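Hi everyone, thanks for making the time. I'd like to walk you through one structure today, so let me put it up on the screen.

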Amino acid sequence: NASSPARAEPKLFFGQIDKFLDEEALGQHLARFGRVVEVKVLRNGRGDSRCCAMVLFSSMEEAETTIERLNGKQLVEGQGRNLVVSFAKSKREDYAPQQQQQQQQGVGPLLVCAALCGVSLGVGTYFWNRLKRTSPRFSRLSSKTNWTFVMTKTHVDLLRKYKAKCAVSADQLNRITEDFIAQMQSGLGEDGGMLKMLPSYVEKMPTGREQGEFLAIDLGGTNVRVVKVLLQGGKVKDVVAHEDAIPPAMMRGTTKELFDFIAKMVQTFIATHAKAEAGAQ
């Protein structure tokens, strides 16, 4: 804001932007506040948006006006989440509080990886300590420069034995894959299977050359989002989205009730957007 200390450049941090927005679409939305010099959407290693971006304006006045007009508000009224807009900071870690909500989406895979590493370390430590406790011939020799651990052939054979038990052959992997596919087919065929499956009816994958308007439905654990995306020249030109929470009773209800709820959301979204386009014309 205007009371903030002098800044080196009019660069702003935008948090909680729509994950479908690219640099060009975000720049077009922000052009009404001033001349946008540069837009950079922050992405992860897979190229997916982290739902935040850095935007450089041509003047401090334009940047301050943008903060005043957009911080805590929606980029397009009635669509998407409230934005977090502030002056860009010098260190990446300064943005951690602002990005916490986006980063929570990646906590699950990180916890799984940490758990696997912990199990591996624990198993290795267990056998290592067991060898030291059970074998009087296991010794540790010291020198001035390093420590050397000496194991007998018996200990080496024991480790190889346990390593062999942990190994998975190509034949075993093929059997696991076949069983997994069979469980998926069983889940699609009838209720009550080990894997609960829903038919997607996806007949083909996108080619990257699609043009025009597309409607997408994003069903999460607690929310449903309806998105209309405009594709031109292999890029996302515009995004219109609406998100609603799934009522708790609906989560515990029947499949028909859930899909009726989603269908009603889509119907309302299309009708509302059609009225907005008609009014704009």
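Let's start at D18, whose side chain reaches the backbone nitrogen of F20 at 2.8 Å. Bear in mind as I go that this is a predicted model. D18 is found in the loop between strand 1, residues 11–15, and helix 1, residues 23–30. Is D18 buried or exposed? With a relative accessible area of 15%, D18 is buried, because the cut-off for that class is under 20%.

Which residues does D18 touch, once we leave aside its neighbours within four places in sequence? They are R225, V239 and A241. With R225 the contact is also a salt bridge, and the closest N and O atoms are 3.7 Å apart. R225 lies in strand 8 while D18 sits in that loop between strand 1 and helix 1, so the pair ties together parts that are 207 residues apart in sequence. Both partners are buried, R225 as well as D18.

Now for the other salt bridges. A search of the whole structure finds 11 of them. One of them brings together the side chains of R43 and E23, at 3.4 Å from N to O. Here R43 belongs to strand 2 and E23 to helix 1, so this pair ties together parts that are 20 residues apart in sequence. R43 counts as partly exposed, at 35% relative accessibility, and E23 is partly exposed too, at 26%.

Another one is K153 with D157, where the side chains meet at 2.9 Å, N to O. These two residues are four apart in helix 5, residues 153–166, and are separated by about one helical turn. As a reminder, an α-helix has 3.6 residues a turn, so residues three or four places apart point the same way. K153 is exposed at 62% relative accessibility, whereas D157 is partly exposed at 33%. And coming back to where we began, salt bridges that share partners join D18, R225 and E243 into one network.

Since R225 took us to strand 8, let's stay there. Strand 8 covers residues 223–232, and seven of its 10 residues are buried, so the strand is largely enclosed by the rest of the structure. What does strand 8 pair with? On one side of the story there is strand 7, residues 212–219, which runs antiparallel to strand 8 and is joined to it by eight bridges. Within that pairing, E213 has L230 as its bridge partner. A hairpin of three residues links strand 7 to strand 8.

Then there is strand 9, residues 235–245, also antiparallel to strand 8, with 10 bridges between them. In this pairing V226 stands opposite H242. Strand 8 and strand 9 form a hairpin with two residues between them, and in the turn G233 has a positive phi of about 60 degrees.

Not counting residues up to four places away in sequence, M265 touches V224, V226, H242 and D244. M265 is buried, with a relative accessible area of 7%. The C-alpha atoms of M265 and I217 are separated by 9.8 Å, and these residues are 48 apart along the chain.

Helix 1 deserves a moment as well. Its buried residues are A25, L26, G27, H29 and L30. What do they pack against? Strand 1, strand 2, strand 3, helix 2 and strand 9.

A quick word on the cysteines. The structure holds zero disulfides. C52, for example, is in no disulfide, and the nearest cysteine sulfur, that of C51, is 7.4 Å away. C52 is buried, at 0% relative accessible area, while C166 is exposed, at 63%.

Let me finish with the chain as a whole. The secondary structure comes to eight helices and nine strands. Of the 281 residues, 25% count as buried. The accessible surface comes to about 19,900 Å², and 56% of that belongs to carbon and sulfur atoms. Finally, among contacts with a separation of 6 or more, 50% come from residues 24 or more positions apart.

Methods: Residues numbered from 1 in each chain as written. Predicted model: local features only at pLDDT ≥ 70, side-chain atom pairs only at ≥ 80, totals over all residues. Heavy atoms only, no water. Buried < 20%, exposed > 50% of the residue type's maximum accessible area, 1.4 Å probe, protein only. Pairing = 2+ DSSP bridges. Disulfide = S-S within 2.5 Å. Polar contact = N/O pair within 3.5 Å; in protein donor to acceptor, adjacent residues only side chain to side chain. Contact = heavy atoms within 4.5 Å. Areas by Shrake-Rupley, 256 points an atom, 1.4 Å probe, with all protein chains shown as cover. Salt bridge = Lys/Arg side-chain N within 4 Å of Asp/Glu carboxyl O.
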